[in-house]
Amino acid sequence: MNRIIRESCKTLRQLGRQSFQGHWTEAIIFALVCRLILQGPSIIFNFLPSSLQTQMLASLLSFYNFVINGPITLSLTHYMVRMFRQEPHVATESRLSYGFKNFTRAMVLYITMTLITGLLTMLFIIPGLFAALNYSQAFFLLEDNPMKMPMQCMRESKFIMRGNRIKFVSLLFSFAPWYILANVPASVCHIVLDYDSIIALNTAINQGSFMAAVDSVVAVNPLVDVLLLLNVVVSVYIFSARCAFFDILAGKLEIRQYVEPIYEA
C-alpha cells in the first residue's frame, strides 16, 4: 500500500534531531570520511601543479567517482538509517564495509539511476527532475533489503513516492537556510582569494563575453573545495530527516502525540 506522508517538514526534522541525539558527532565524522573518500582525490587533483593535471588523470578520477559512489552511498545510508532507528551498535559494526559487501548491487543502482536521470535531464529537464524524485528512496530500499535487485529498488521507490513528491521537495527546501549558511565560508574564500577569477570576470563583462564570464565564476580556488566540506554537517541533518521520511513511507514508523518514533516488532 502506498502511504501518503501527512506530517509537516518541521515534524520530520524534529524526528531526525531526536533520533540522532547523543550521536551527532560520530555521525558527522562518518559522513565526513565518506565525503573525503568521494571528493578527496579530486581535491588533491586541484592542488596539483597544472603540469600534472593531465587528461588521463582526470578521466581516472571520473571513473573512480562513478564506481565508488554507489557503495559509499549505501554505506552512508545504512549508517544513518541504523542511527535513526537507534541501533548504533549495528551502524558502528558495519560502517564502510556494508556498502562494499553489496558492491555490485550498489554500483549498478547508482550507475543506472545516474544514467536514466542524466539522460532525461539532458533531453527534457522536467522529466529528469521527476526521475530524481522517483528514485530518491532507492538506496534506502536497498539498505532495508540488500537482496533486492537495483531495478526492483527503483520501481518500488517510484511507487512509494507517488503522492509524496511535493512533500519530499518541501522537506529539502526547508533546509535551504542551513545550506546557505554552510556555504558562506566557501563563498567568502572564493571572493577573497580567487583574485584572478575576479579580474577575469571583470574583463569578460567589459568585453561582453557571457561564456567567459561564466568560466571565470566556476573557476574555484582549491581551498573552496576544502571549505565546502562544511556542508557535511547540514547533509547529516538532512539525512536524519530523510530517514524519518522513508520509515514513514515504509510503514516502519508511527507518529504519536509527542513525536516519538515507535517501531513495529
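Trainee: Is leucine 123 buried or exposed?
Mentor: Buried means under 20% relative accessible area, exposed over 50%, and partly exposed in between (1.4 Å probe, protein chains only). Leucine 123 has 54% relative accessibility, so it counts as exposed. This is a predicted model, where local features need pLDDT of at least 70, side-chain atom pairs count only at pLDDT 80 or more, and totals for chains, interfaces and linings use all residues. Residues are numbered from 1 along each chain as its sequence is written, and side-chain values use heavy atoms, leaving out hydrogens and water.

Trainee: In which helix does leucine 123 lie?
Mentor: Helices are DSSP runs (H or I, at least four residues), numbered from the N terminus. Leucine 123 belongs to helix α6, residues 103-123.

Trainee: And where do nonpolar side chains usually go?
Mentor: In soluble globular proteins, they tend to be buried together. A nonpolar core is a set of buried Ala, Val, Leu, Ile, Met, Phe, Trp, Tyr and Cys residues joined through side-chain atoms within 4.5 Å. Here the largest one has 57 residues, and Met80 and Phe245 touch the most other members. Helix α15 (residues 231-249) supplies the largest share of this core, 13 residues.

Trainee: Which residues does methionine 80 touch?
Mentor: Contact means heavy atoms within 4.5 Å. Leaving aside residues up to four places away in sequence, methionine 80 touches Phe20, Ala27, Ala31, Val236, Phe239 and Cys243.

Trainee: How much of the chain is buried?
Mentor: Buried residues account for 41% of its 265 residues.

Key: Helix = DSSP H or I, 4+ residues; strand = E, 2+ residues; numbered from the N terminus.
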